[in-house]
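Okay, thanks for coming, everyone. I'd like to walk you through one structure today, a few spots at a time.

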Amino acid sequence: MKRRLAREITVQSLYQMEMNEVKAEEAIMILLEEAAADNESEVELSDEAQLKTYVLDVVNGIWENKEAIDQLLVDYLQNWQVSRLSRVDRQILRLAVYEMVFTDGVPAKVAVNEAIELSKHFGTEESGKFVNGVLGKMIHDLDKLKSQKG
């Protein structure tokens with residue numbers, strides 16, 4: 001399973017959930033069907049069941065911890081509110097914070113680098129710099145943030 005593809009589908013699923021008020025599984029299924037039909041990612045979807053399970057776990061984890069994630073973001077968005085972020089940047093930041101603070105399976109630097117790449121792919125010209133700035137500040141406090149989440 002390609003983690004990059006999983007992250008792309010995760011961000012798109014979160015976006016769908018926020019925009020269209022659909023449940024995680026419905027959003028993921030729509031995106032997997034589109035990916036299989038278009039094969040835009042040029043990735044074999046032979047491990048679609050594993051991908052779906054992984055993405056569903058991550059999306060549900062983010063959604064269940066959304067308030068805590070958004071509160072952490074508030075602390076690092078200088079003079080900015082989560083609600084004022086572009087929907088794409090908001091979902092990318094939520095994914096990165098979830099991977100950095102709420103899980104142990106992804107090194108923080110990997111989560112940040114992946115978030116930057118996703119923001120360049122899905123966001124505006126400035127998204128990569130913005131996401132890097134927010135997460136760069138957060139990474140310095142990571143041990144403290146992980147200990148406070150519980």
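Let me start with a term I'll keep using: a residue is called buried when its relative accessible area is under 20%. And please keep in mind that this is a predicted model.

With that cut-off in hand, take a look at Phe102. Its relative accessible area is 18%, so Phe102 counts as buried. Now find Tyr98, which is buried too, because its figure is 11%. Both sit in helix H5, residues 87-102, and since they're four residues apart there, about one helical turn separates them.

So how do their rings sit relative to each other? In general, you describe a pair of aromatic rings by how far apart the centres are and by the angle of the planes. The count of aromatic pairs here comes to one. In that pair, the ring centres of Tyr98 and Phe102 are 6.2 Å apart and the planes are at 10°, so we call the pair stacked.

Let's go to helix H1, residues 3-20, and helix H6, residues 108-122. Their axes come within 11 Å and cross at roughly 60°. That angle is why H1 counts as oblique to H6. The crossing of H1 past H6 is right-handed. Who's touching whom? On the H1 side you've got Arg4, Arg7, Glu8, Val11 and Gln12, and on the H6 side Val110, Glu114, Glu117, Leu118 and Phe122. Sort the residues of that contact by type and you get five charged, four nonpolar and one polar.

Now the other pair I want to show you: helix H4, residues 66-76, packing with H7. Here the axes are 10 Å apart and the angle is about 100°. With that angle, H4 is roughly perpendicular to H7. H4 brings Leu72, Leu73 and Tyr76 to the contact, while H7 brings Val134, Lys137 and Met138. By type, the contact of H4 with H7 has five nonpolar residues, one charged and no polar ones.

While we're at H7, which covers residues 127-140, have a look at Gly128, which is found in that helix. Is Gly128 buried or exposed? Its relative accessible area is 8%, so Gly128 is buried. Leaving out residues up to four places away in sequence, Gly128 touches Ile116, Ser119 and Lys120. And the C-alpha of Gly128 is 8.0 Å from the C-alpha of Leu118, a residue ten places away along the chain. Leu118 is also one of the H6 residues that meet H1.

Back in H1, let me point out Thr10, which lies in that helix. Thr10 has a relative accessibility of 1%, so it counts as buried. What is Thr10 in contact with, leaving aside neighbours within four places in sequence? The answer is Val55, Val58, Val59, Ile62 and Leu95.

One last stop, and it's a backbone thing. Most residues other than glycine have a negative phi. Glu21, though, has a positive one, near 50°. You'll find Glu21 in the loop between H1 and helix H2, which spans 24-38. Glu21 is exposed, given its relative accessible area of 73%.

That's my tour, so over to you for comments.

Note on methods. Residues are numbered from 1 along each chain as its sequence is written. This is a predicted model: local features need pLDDT of at least 70, side-chain atom pairs count only at pLDDT 80 or more; totals for chains, interfaces and linings use all residues. Side-chain values use heavy atoms; hydrogens and water are left out. Axes are lines fitted to C-alpha atoms, for helices over the stretch in contact, and angles run from 0 to 180 degrees between N-to-C directions. Helices (H or I, at least four residues) and strands (E, at least two) are DSSP runs, numbered from the N terminus. Angles under 35 degrees count as roughly parallel, over 145 as roughly antiparallel, 65 to 115 as roughly perpendicular and the rest as oblique. A crossing is left-handed if the near helix is turned anticlockwise from the far one by less than a right angle, and right-handed if clockwise. Contact means heavy atoms within 4.5 Å. Ala, Val, Leu, Ile, Met, Phe, Trp, Tyr, Cys and Pro count as nonpolar, Asp, Glu, Lys and Arg as charged, and the others, Gly among them, as polar. Rings of Phe, Tyr and Trp (its six-membered ring) pair if their centres lie within 6.5 Å; planes under 30 degrees apart count as stacked, over 60 as edge-to-face and the rest as tilted. Buried means under 20% relative accessible area, exposed over 50%, partly exposed in between (1.4 Å probe, protein chains only).
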